[in-house]
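Try each task on your own before reading the solution.

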Amino acid sequence: MQQYTVTGMSCAACSARVEKAVSKVEGVSACSVSLLTNSMGVEGTASVQEIIAAVERAGYHAAVKGTEETQSRTDAAREEALKDHETPVLRRRLITSLVFLSVLMYVSMGHWMWGWPMPAFFTNNPVAVGLLQMILAAVVMLINKKFFVSGVNGILHRAPNMDTLVALGSAAAFCYSTVMLFVMTGAQAVGDFETAHSYIHEFYFESAAMILALITVGKMLEARSKGKTTDALKGLMKLAPKKATLWNDGKETIVAVEQLKINDMFVVRPGESIPVDGVIVDGSCAVDEAALTGESIPVDKAAGDSVSAATINRSGFIRCRATRVGEDTTLSQIIKMVSEAAATKAPIAKVADKVSGIFVPVVIGIAIVTIFVWLLTGESFGFALARGISVLVISCPCALGLATPVAVMVGNGVGAKNGILFKTAVSLEQAGKVSAVVLDKTGTITAGEPRVTDLLPADGYSEKTLLQLALDLECKSEHPLSRAVLVKAEAEGLTARNITKFRVVPGNGLSAFRGDVPVYGGNAVYISEYVSLSEAVKQQAELLATEGKTPLFFAEGDTFAGIIAVADVIKEDSPQAIKELQNMGIRVVMLTGDNERTAKAIGAQAGVDEVIAGVLPDGKENVIRTLQQQGKVAMVGDGINDALALTRADVGIAIGAGADVAVDAADIVLMKSRLSDVPAAIRLSRATLRNIHENLFWAFIYNTIGIPLAAGVFIPLFGLKLNPMFGAAAMSLSSFCVVSNALRLNFFKLYSTKRDKKRLRKKVQTPVAADGLRCTMKVKGMMCEHCEVRVRKALEDLPQVDCAAPDHKTGLVEVELNGPIDTRILKKTVENEDYKVLAIK
């Protein structure tokens, strides 16, 4: 997606106009415009020049992000670009306007309504008073000329916006008052001072000026609040280190971070920030990664471990080699991801966009109709005009347009601060709607590294002597399970002894000599060749296997030494995270390529609702496809083999420590690699959706009540009449309230379960679990061979069915499958042929 910066937009109608104009360009497949960040994302084959030309024809300006000066921007310049430059300008404009407006209000209302003193020249000269009001109002209008320039441009490009409404309202009040001033001048010229004085009450100069001042107040409050929505992004940018200590042939030189290149060596002392992503070459330290993951506990790092930019070295001196610099660092990628997510549009925003696109023309039409209706009822032109002006200035398309993007921006920021990265606004919205979460086993529910879980020494051996024997053998092995034994031995402070004649028997075990005594290690079959295993030992091994553990047998000479059980253990937070998901009304499925016995053991420990084992990567996609027939599905994985399933799922969630392919394929990235962040992400999504619904509700209700009130619909019923000045004040506050409500998300607690809604889960039928299984269907109604042909053809048309063998005599259908399938699909397929399915086994 190509990113652009768009300038000149003032309201939701503007962004809708730009989106519509660019979408019409040949070759554009998708376009998303964000009023909040003044950005636009475009997908397709259209050229940059064509897209910029389309934006300019619509009356706005566009430039490609990442070109010209933006390509060479430093982090400081990027941070500067996000600063709130709009609020100071609006504040100066407002203060200047209020100076002249206060004088105008004193003249128009203070003197004529409340008798405040004025020079004698004005007391008996209503024309002079009128001229003074006109001049003061004209000055305020000149100060706020931006409304008129933008409003007129909108009309000229047939794309009226909020500024058009404000400009029309203010100009109508000013022009009508000016006409009344000329009429008053004529009356005073012929000496009719009584009539001249009566026209004072027909002046709306103060309304013309007050409308502009109040809208400016609203714009300033809105700009200030919008500035706060990017606080999380600005906070990330501030984390970027500015200096680095370059190490070159033993010499240390302090340089700007931008000067570091890949493979450059740099050093980091305690208390310093790590400047770029790298690998530790020498030394060890404790790194505070809270900036990227939100995790407050420092992580121990040693030679060979990777470190990330913006994390802090809390203790220890390290020398590192740069692996990713500039825009490629983890921090820069996070900033880019959050920025791009803000530029995308959530599906829920489309309703507001459609309304905003036609809102302004409709409001102008309502204002014109209002004026004519009141004139037809016999009211004065001044009264009718006041109602029309009130309609124009109270209507606010901005509240509608801001309802979704401000909530998305704040929600993204809150997620980023907690190590949860939403790549698009769509993923932020969809995550809260999932009804099932599919979890990969290895690296997601489990740690992904085998560990020693049980030490079961035989008679005559202790845990220590058994572990020492295993260490001596396994220290020369390259098998993944050997690593678990070595880690355990290291933790116990053991060191390997010298062995000779080391031999590996692939798929079985190891053998060697410790002194003159042969030692063996491996599976039960291999060890049985050298020692006899009792029934008790075999039963013990079987029990370990049912728990998902791998028993390793060891022997010394002709003596059995014991069993060491190794397993890929469950992460500490996995059971609690799964329980939280279930309490939120979400069905949890574990999906793995492991054997069924191991998978079921892990699934039982974790507490998942369902285990689907023995599934290949393409089979995982089939499972996701099947589950999607029952609702929206989220897939959580970390490996290359999960990429296909992550892409197929409605929401793909990648563990940040996983493979780059998985991270690229996912919609959400969990930087802390903790399963507890999955319910947190869903919780945040639901909170953001609630906030968007609140914003849209109040924006629609405000206009639904405000426009009829301004038009005077309630005057005959309740006597309620709205002054144009109060209409302008209401319009100013509407956008401010929407943005302020979105900012409440900053206080949302992602990990609190207090507000979890236990939604009712649909009772679903378990799909057939694994590739290659057969199932038997009991079918009623098959009477002959023709019936068998119909049933067989219907079933074999399903992609998951290899072959079907119906027998009308027994009423049974043997079905051979090549992949998982929901049993309800099998049932429906047969019943569509007018036969009744009694059971499926």
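This is a predicted model: local features need pLDDT of at least 70, side-chain atom pairs count only at pLDDT 80 or more; totals for chains, interfaces and linings use all residues.

**Exercise 1. The whole chain**

Solution. Next, burial: of the 841 residues in the chain, 52% are buried. If you take contacts between residues at least 6 apart, 70% of them join residues at least 24 apart.

**Exercise 2. Helix 8 and helix 15**

Work out how helix 8 and helix 15 are oriented to each other, then list who meets whom in the contact.

Solution. Step one is the geometry: the two axes, of helix 8 and helix 15 (residues 381-394), come within 8 Å and cross at roughly 160°. Step two is the label. Angles over 145 degrees count as roughly antiparallel, so helix 8 and helix 15 are roughly antiparallel to each other. Step three is handedness, and here the crossing of helix 8 and helix 15 is left-handed. Step four is the contact itself. Helix 8 brings Leu-165, Leu-168, Gly-169, Ala-172, Ala-173 and Tyr-176, and these meet Phe-381, Gly-382, Leu-385, Ile-389, Leu-392 and Val-393 of helix 15. Sorted by class, that contact of helix 8 with helix 15 has 10 nonpolar residues, 2 polar ones and no charged ones.

**Exercise 3. Two helix pairs side by side**

Do the geometry for helix 19 with helix 20 and for helix 31 with helix 32, and find the handedness of each crossing.

Solution. Begin with helix 19 (residues 463-474) and helix 20 (residues 480-491): their axes are 9 Å apart and the packing angle is about 130°. That makes helix 19 and helix 20 oblique to each other. The crossing of helix 19 with helix 20 is left-handed. On the helix 19 side you'll find Leu-467, Ala-470, Leu-471 and Glu-474, facing Ser-482, Val-485, Leu-486, Lys-488 and Ala-489 of helix 20. The class count for helix 19 with helix 20 is 6 nonpolar, 1 polar and 2 charged residues.

Now the other pair. Helix 31 (residues 785-796) and helix 32 (residues 823-831) have axes 9 Å apart and an angle of about 140°. Helix 31 and helix 32 are oblique to each other too. Helix 31 passes helix 32 in a right-handed crossing. Val-791, Ala-794 and Leu-795 of helix 31 make the contact with Leu-826, Thr-829 and Val-830 of helix 32.

**Exercise 4. The nonpolar cores**

Which residues of the largest nonpolar core touch the most other members, and which helix gives the most to this core?

Solution. The largest nonpolar core has 76 residues, and Val-18, Val-22, Met-40, Val-437, Ile-445 and Val-678 touch the most other members. Helix 28 (residues 677-711) gives the most to this core, at 8 residues. Then zoom in on Val-437: leaving out residues up to four places away in sequence, its contacts include Leu-581, Ile-586, Val-588, Ala-634, Val-678 and Ile-682, along with Arg-587. There is also a second, separate core of 44 residues, with Leu-101, Met-118, Met-180 and Phe-205 among them.

**Exercise 5. Buried or exposed?**

Decide whether Gln-133 is buried or exposed, and do likewise for Phe-182.

Solution. Gln-133 sits in helix 6 (residues 126-143). Under 20% relative accessible area means buried, and Gln-133, at 2%, counts as buried. Beyond four places in sequence, Gln-133 touches Leu-104, Val-107, Ser-108, Phe-203, Phe-205 and Glu-206. Phe-182 belongs to helix 8 (residues 162-189). With a relative accessible area of 62%, Phe-182 is exposed.

**Exercise 6. Positive phi**

Where do Asp-249 and Lys-501 lie, and what phi does each have?

Solution. First the background: most residues other than glycine have a negative phi. Asp-249 has a positive phi, near 55°, and lies in the loop between strand 5 (243-248) and strand 6 (251-256). Lys-501 also has a positive phi, about 55°, but lies in strand 17 (residues 500-505). To finish, check accessibility: Asp-249 is exposed at 73%, and Lys-501 counts as exposed at 64%.

How values were computed:
Residues are numbered from 1 along each chain as its sequence is written. Side-chain values use heavy atoms; hydrogens and water are left out. Axes are lines fitted to C-alpha atoms, for helices over the stretch in contact, and angles run from 0 to 180 degrees between N-to-C directions. Helices (H or I, at least four residues) and strands (E, at least two) are DSSP runs, numbered from the N terminus. Angles under 35 degrees count as roughly parallel, over 145 as roughly antiparallel, 65 to 115 as roughly perpendicular and the rest as oblique. A crossing is left-handed if the near helix is turned anticlockwise from the far one by less than a right angle, and right-handed if clockwise. Contact means heavy atoms within 4.5 Å. Buried means under 20% relative accessible area, exposed over 50%, partly exposed in between (1.4 Å probe, protein chains only). A nonpolar core is a set of buried Ala, Val, Leu, Ile, Met, Phe, Trp, Tyr and Cys residues joined through side-chain atoms within 4.5 Å. Ala, Val, Leu, Ile, Met, Phe, Trp, Tyr, Cys and Pro count as nonpolar, Asp, Glu, Lys and Arg as charged, and the others, Gly among them, as polar.
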